[in-house]
Amino acid sequence: MDPAVAETLALTFGLAALRPQQDLAVDAFLRGRDVLAVLPTGYGKSLCYQLPAVILAQRGQGATLVVSPLIALMNDQVASLRARGVRACALHSNVPWEEQREALANMGGFAVVFVSPERLENARVRRSLRDVARVVIDEAHCISEWGHDFRPEYAALGWLKRELNVPVMAVTATATPRVRDNIASSLALADELRVEASPLRANLRFGVALASDDTRTVWAAELLTARGFATRKTPGRAIVYALTRKRVEAVQKALRKAGVRAGYYHAGRSDSARQKAQQMFEAGTTPVLVATSAFGMGIDLPDVRVVLHVETPSTLESYVQQAGRAGRDGLSAECW
């Protein structure tokens with residue numbers, strides 16, 4: 001391992017070693033090569049770009065720009081980095097414009113700058129990117145899954161490589177070979193190093209229960225009750241996924257009626273209602289959260305003991321992403 005990498009890893013992040021795929025990604029990115037990293041949930045994808053970003057900033061080479069689709073994810077990472085003594089900021093719609101202007105004027109003074117894809121449409125933001133040393137596209141599968149309809153700005157991020165001419169890293173937890181090729185093409189990656197690790201994790205136990213549409217919720221309530229989620233002494237948390245907002249609300253009501261302390265989360269709720277539901281889930285007040293796929297990206301709770309799907313996700317990649325939110329602490333967890 002590069003001495004600078006080992007020193008920064010220990011002093012800033014408190015770690016003694018990198019995992020093999022992390023090591024490959026960090027080394028390649030520091031040397032100026034494009035990287036496409038497909039690493040499972042809980043593997044430490046953010047370290048693959050945060051570690052090089054800190055080293056590059058220490059060398060006076062400029063900031064690392066991280067494009068992220070979620071405000072909550074950006075805020076969490078900024079807070080985490082600042083707690084480690086790393087200069088970081090975020091540029092998104094919830095940050096006061098005066099604060100954003102100050103950050104843009106001093107872009108070179110930051111190690112990591114998080115930005116939403118929509119904010120990159122702003123001309124002033126684009127002009128401030130001259131001090132950027134590296135670009136990272138987080139949750140890069142959004143380019144293929146959502147980019148053309150939900151977030152068109154995500155599909156257009158190839159201009160960063162073409163205009164800034166800096167190394168680019170794309171990171172995601174799951175991507176089929178077709179999606180990987182699509183990501184590389186959309187971002188204009190050149191001779192990129194592709195690193196991947198198996199999504200299979202020994203601590204996850206998978207199970208399938210055969211139940212009619214009418215009895216799935218009853219079965220789910222019985223499972224969650226048996227795992228302790230109807231008592232005040234709950235071992236961790238559980239996430240229950242459904243496809244539609246209507247089904248989410250129906251399942252949540254049925255679980256509560258059965259005595260399971262459950263909240264619910266979907267994009268149809270107000271920002272404040274979603275935030276409150278997430279906070280109560282994280283605090284353990286409602287240790288079960290019924291949600292659509294709108295919940296989970298960027299969430300890094302270590303003690304999710306059960307992930308239960310009452311309906312089949314639209315793609316296998318979505319299932320792997322969602323099931324992979326269980327057992328991030330390395331302890332045994334169930335995916336039903």
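Colleague: Which residues are linked in a network of salt bridges?
Modeller: This is a predicted model, in which local features need pLDDT of at least 70, side-chain atom pairs count only at pLDDT 80 or more, and totals for chains, interfaces and linings use all residues. Residues are numbered from 1 along each chain as its sequence is written, and side-chain values use heavy atoms, with hydrogens and water left out. A salt bridge here is a side-chain nitrogen of Lys or Arg within 4 Å of a carboxyl oxygen of Asp or Glu. The network links Asp213, Arg216, Arg247 and Glu311.

Colleague: How many salt bridges does this rule count?
Modeller: Side chains of opposite charge can pair when their charged atoms come close. By the rule, the count comes to 17 salt bridges.

Colleague: Arginine 126 forms a salt bridge with glutamate 163; how many residues apart in sequence are the parts it ties together?
Modeller: The closest N and O atoms of arginine 126 and glutamate 163 are 3.9 Å apart. Arginine 126 lies in helix α6 (residues 123-127) and glutamate 163 in helix α9; helices are DSSP runs of H or I with at least four residues, strands are runs of E with at least two, and both are numbered from the N terminus. So the pair joins parts separated in sequence by 37 residues.

Colleague: Is arginine 180 buried or exposed?
Modeller: Arginine 180 forms a salt bridge with glutamate 196, with closest N and O atoms 3.1 Å apart. The pair links helix α10 to strand β7, 16 residues apart. Buried means under 20% relative accessible area, exposed over 50%, and partly exposed in between (1.4 Å probe, protein chains only). At 16%, arginine 180 is buried.

Colleague: About how many helical turns separate arginine 274 and aspartate 271?
Modeller: Their side chains meet in a salt bridge at 2.6 Å, N to O. Arginine 274 is buried at 18%, while aspartate 271 is exposed at 56%. Because they sit three residues apart in helix α13 (residues 271-283), the separation is about one helical turn.

Colleague: Where is asparagine 165 found?
Modeller: Most residues other than glycine have a negative phi. Asparagine 165 has a positive phi of about 55°. With 64% relative accessibility, asparagine 165 counts as exposed. Its place is the loop between α9 (158-164) and β6 (168-172).

Colleague: What is the relative accessible area of alanine 188?
Modeller: Alanine 188 also has a positive phi, about 60°. This residue is in the loop between α10 (177-186) and β7 (193-196). Alanine 188 is partly exposed, at 24%.

Colleague: Which helix gives the most to the lining of the second largest pocket?
Modeller: On a 1 Å grid over the protein atoms alone, a pocket is an open set of points with protein on both sides within 12 Å along at least five of seven lines, a cavity is a set where a 1.4 Å probe fits but cannot get out, and lining residues have an atom within 4 Å of a point. The second largest pocket is lined by 32 residues, with Gly44, Lys45, Ser46, Asp300 and Arg328 nearest its centre. Both α3 (45-58) and α4 (71-83) supply at least two lining residues. The top contributor, with five residues, is α3.

Colleague: About how much space lies in the largest cavity?
Modeller: The search of the whole structure finds one cavity of 30 Å³ or more. Its lining is Ile239, Phe281, Phe295, Ile299, Asp300, Leu301, Val304, Arg325 and Arg328. Grid points are joined across faces, edges and corners, and a volume is the space filled by probe spheres set on the points. For the largest cavity, that is about 40 Å³.
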